[in-house]
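Trainee: I have not looked at this one before. Can we go through it together?
Mentor: Go ahead and open it.

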Amino acid sequence: MKTRTPVSVYIIVTIGLTIMAFEMFSQDGNYFSSPYFWVLLLITTILLLIMNSIGDLVENENFHRLTNDEKKQYLEEKKVPYFQKLWNSAFKKQPATEEKDLIIDHGFDGITELDNSLPKWWIGLFWFGCIFCTVYMIAFAFTDYAHPDSEYEAETKAMLASIAEFEKNSPAIDLENAKYSADNIAEGEQLFKTNCVTCHAEGGKGGIGPNLTDGYWINIKEKSLFKNVFWMLENGSPNNPTMRPFIKEGTITGRDAEKIAAYVYHINQEIVPVTQAKGGAAPQGKPIQWESVTE
Ligand code: HEC
């Protein structure tokens, strides 16, 4: 009569498998707070305990039927702890006396081969691998588990959320702390296209609103061009309501004004101005030499 595997081993294996299944199939990964998880564990544990009690009864019954010698041998075997028994059997070698029964004779080439049984740890690993592979393939094909696309989406979402959080908590940009940065030019150009080209035309060469690329300005409120643009975005033009106070009225928010001002600085100070001869609007206002933006 064989000794039985302790119920604690079954329970630990069941918990492990349940976690593995939930890890693969649960959508949000937060299954520890799900009642289904705990109820399932509770039910399986109770079932295992019931099975174990039935096993005890059967074992008792069978024990009575053994001969005295068999009883002694059984009790002797039962003394060895379970895990030690497992360890021993995992590395059990075929005794030399058994080997002659295990020989496969090829016959035609005269070569004989030992057909030893595989070690139990190997077989266990093999079956675990097969089962894991099947479950994994199903999870991969039908759920979001370990799917690169959904992982990518989840990470993008988290990243965008953290950017939004950062923008919300970082101090609002005003005339005082606005800073020129070349990194903002590209984004500033896009914002300029959505908000400003209707009046200032493509590239700021001028239309309803003045040419922003030349050295002539109507409104001179700040010493640097970058700050002057920011001032205009905040307050609008004092003499022409067509140029609205975009920041005050809430059309331009967050760090956008800083980006747009960087773009206007770029087209005015860093590239050749679009003159009237090249299709730009005629200069308006006074000529001005702006202070360097780095001051
Ligand atoms: C509805 C038309 C309109 C829109 C849209 C507009 N502007 Fe203007 N803008 C004007 C007009 C008109 C002036 C001239 C104001 C004046 O005469 O004082 C002007 C003036 C300016 C000036 C000062 C130029 C100077 O010579 O004093 C700047 C800088 C400027 N705008 C930037 C922008 C930016 C940046 C945007 C986009 C966010 C923008 N504007 C959107 C019409 C517009």
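Trainee: How far is the polar side-chain atom of N239 from an oxygen atom of the ligand?
Mentor: That distance is 2.5 Å. Keep in mind that this is a predicted model.

Trainee: And what about the side chain of S237?
Mentor: An N or O atom in the S237 side chain is 2.5 Å from an oxygen atom of the ligand. I218 uses its backbone instead: an N or O atom there lies 3.0 Å from a ligand oxygen.

Trainee: Which residues come nearest to the ligand?
Mentor: C196, C199, H200, S237 and M243, out of 22 residues around the ligand.

Trainee: What classes of residue make up that shell?
Mentor: There are 13 nonpolar and nine polar residues, and no charged ones.

Trainee: Which helix gives the most to the shell?
Mentor: α9, with three residues. Both α9 (197-200) and α10 supply at least two residues each.

Trainee: Switching to α10, how does its axis sit against that of α11?
Mentor: The axes of α10 (residues 225-235) and α11 (residues 256-270) come within 9 Å and cross at roughly 130°. The two helices are therefore oblique to each other, and α10 passes α11 in a right-handed crossing.

Trainee: Which residues make the contact?
Mentor: From α10, they are L225, F226, V229, F230 and L233. The α11 side includes A257, E258, I260, A261, V264 and Y265.

Trainee: How many of the contact residues are nonpolar, polar and charged?
Mentor: Eleven are nonpolar, two are polar and one is charged.

Definitions and conventions:
Residues numbered from 1 in each chain as written. Predicted model: local features only at pLDDT ≥ 70, side-chain atom pairs only at ≥ 80, totals over all residues. Heavy atoms only, no water. Axes fitted to C-alpha atoms, helices over the stretch in contact; angles between N-to-C directions. Helix = DSSP H or I, 4+ residues; strand = E, 2+ residues; numbered from the N terminus. Parallel < 35°, antiparallel > 145°, perpendicular 65-115°, else oblique. Left-handed = near helix turned anticlockwise from the far one by under 90°. Contact = heavy atoms within 4.5 Å. Nonpolar A, V, L, I, M, F, W, Y, C, P; charged D, E, K, R; others polar. Near = heavy atom within 4 Å. Polar contact = N/O pair within 3.5 Å; in protein donor to acceptor, adjacent residues only side chain to side chain.
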